[in-house]
Amino acid sequence: MNHTTSIPGSYHLSTDQQYAAYVNPQWVRLLSALGLNKVFNRSFGAELFADNGDVYLDFLSGYGVYNVGHHHPFVTQELIAELQSQRPSMLQSHVPTLAAQLAEKLCQLAGGKMEKVYFGSSGSEGVEAAIKFSRAFTKRDWILYAEGGFHGLTCGALSLMSNLWWREGFGPMLRETQAVPFGDVKALRQALQTEKYAAYLVEPIQGENGVKVPTREYLHEAQRLCEKHGTLLVIDEVQTGIHRTGPFIASHYFGISPDMVILAKALSGGQVPVGALLMRSDVCRSVYSSIDKACVHASTFSENALAMRAGLATLQIAEKEKLGERSTNLGNFLRSELMNRLSRFEMIKEIRGVGLFNAIEFQAPRSIGLKLLYAGFTKAHPGLFGQMIVKTLFEEEKILSQMAGNNFMAIKSLPPLVITEEQIVRYVSAWEHVCELASRTSFWMQGLRIAAKALAPDRACPNAVPKAGAEVLQERALAEV
Ligand SMILES: Cc1ncc(COP(=O)(O)O)c(C=O)c1O
């Protein structure tokens, strides 16, 4: 996009040029190739306002940070008040009032065994902390995790992710980690029987794997087996927390009682990064075991007043506006509307989720015409089909969405929890129209042209087109159809 910047010294560059020059040129290329590079002047609630007056619906929620909506006035008011108070925020030599308040509130809301909180500034930091705390408590080194999960891109978190694409080229990760298939009780039992694992770290619903929902029995059995074999059950609620699935955490939905819970994303109120690792008192004590160890695990920005105030404001809004109930009710409405309107399309495989944490998964077409076109797409790039759906939703229907990072055939559906029924109706109609478009040859031809044009020398991100010459790619793909 060619908007100019007022930053001194770079007035001659558009934002795209400046970002490409100084941050990440591949990101600019990718967004441009997909037609997603749009300037928005304002965002509020579930809506994004473009400079040309178009209004988009946000069904991505910034990877899940906007549960209370964009620019919730109470979050804004609380942050302004905090700044105007001129209270010290990061003295690193005081007992922070707001951190104490937020920690108490989080433990009350999570309930169960949650009695202590470690604050960080992201989900990955929570995962890193969980690895350290569980090792300290159990005196074991190994961490078990579920295949297909997503836990963040720091080295510890990456060590708990089976999709090697995220790890390639970054050297050795933690060696003492092991994956088990998600939902497979037998494999979990076999692994935990070894009694070498400090923790089983798992999402209650695998978001980036396409919102994969396990059975209640699986998670209950996981808890029982962990208790039996002295392994801590660490539930990564970075995406599912703060009422995304209805209850405060998805662990409540499944009725499990973890030893640790990781929160981040939406706790920020969509404004100030904050993460929290909730845990049992005895686990916490194993790290902060003496006065000498009072700050053995810490981070400069954790517990800063703005982050804590954003967290407290978020929890107040969630309670006052009954976001949990909204999420449950609107989620049921969304899924039933989507099923009514989309089930007739041959490529729709499943519409699934809990609360407002949902995904629409596609499958390869059966009809001969589409089968050939689909084969051409898959040859060009496994993510091309999903990306074309996202692009068409965006360009034709003004809906912002995203495919799942570890499952290219699933498009995630994560609106702010303040979304209205009318907005959901608009979204469902948009989907119906896009599915109709995807049944036409023009949709597929456009996809092949885009794939060819993208000519990515590197895979800039999971959604990028692999290394290939434009002509070669176009010829190869067109030859397939
Ligand atoms: C389930 C889950 N855990 C951890 C993370 C990492 O969080 P962050 O990006 O804040 O480090 C993510 C990010 O998407 C996530 O979805």
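I call a residue buried under 20% relative accessible area, exposed over 50% and partly exposed in between, using a 1.4 Å probe and protein chains only.

**Ground rules**

I am working on a predicted model, where local features need pLDDT of at least 70, side-chain atom pairs count only at pLDDT 80 or more, and totals for chains, interfaces and linings use all residues. My numbering starts from 1 along each chain as its sequence is written, and side-chain values use heavy atoms, with hydrogens and water left out.

**Entry: salt bridges**

I started with charges, since side chains of opposite charge can pair when their charged atoms come close. My criterion for a salt bridge is a side-chain nitrogen of Lys or Arg within 4 Å of a carboxyl oxygen of Asp or Glu. How many salt bridges does the structure hold? I found 21.

For positions I use helices (H or I, at least four residues) and strands (E, at least two), which are DSSP runs numbered from the N terminus.

I looked up Arg-344 and Glu-432, which form a salt bridge with their closest N and O atoms 3.0 Å apart. The pair links distant parts of the chain, 88 residues apart: Arg-344 is in the loop between α13 (323-342) and β11 (348-354), and Glu-432 is in helix α16 (residues 421-437). Is Glu-432 buried or exposed? I note Glu-432 as buried because its relative accessible area is 16%. Arg-344 has a relative accessible area of 55%, so I list Arg-344 as exposed.

Next came Glu-78 with Arg-309, a salt bridge whose closest N and O atoms are 2.9 Å apart. Here helix α4 (residues 73-85) supplies Glu-78 and helix α12 (residues 305-320) supplies Arg-309, two distant parts of the chain with the partners 231 residues apart. I marked both Glu-78 and Arg-309 as buried.

I also checked Asp-54 with Lys-398, where the closest N and O atoms of the salt bridge are 4.0 Å apart. These partners are 344 residues apart, with Asp-54 in the loop between β2 (47-50) and β3 (55-58) and Lys-398 in the loop between α15 (384-397) and β13 (399-400). Asp-54 counts as partly exposed because its relative accessible area is 24%.

**Entry: the sheet**

My rule is that two strands pair if DSSP finds at least two bridges between them. I traced an open sheet of seven strands in the order β4-β10-β9-β8-β7-β5-β6, with mixed pairing. Its edge strands, β4 (116-120) and β6 (177-180), each pair on one side only.

I then zoomed in on β9 (residues 260-263) and β10 (residues 275-279), which run antiparallel and are joined by four bridges. Met-260 stands opposite Met-279 in β10.

**Entry: a helix pair**

The axes of α8 (residues 185-193) and α9 (residues 216-229) come within 10 Å and cross at roughly 10°. That makes α8 roughly parallel to α9, as angles under 35 degrees count as roughly parallel, over 145 as roughly antiparallel, 65 to 115 as roughly perpendicular and the rest as oblique. For contact I require heavy atoms within 4.5 Å. Contacting residues include Leu-188 and Leu-192 of α8 and Ala-222 and Leu-225 of α9.

**Entry: Phe-408**

Last, I visited Phe-408 in strand β15 (residues 407-413). Phe-408 is buried because its relative accessible area is 18%. Its C-alpha atom is separated by 8.8 Å from that of Glu-361, 47 residues apart along the chain.

Conventions: Axes are lines fitted to C-alpha atoms, for helices over the stretch in contact, and angles run from 0 to 180 degrees between N-to-C directions.
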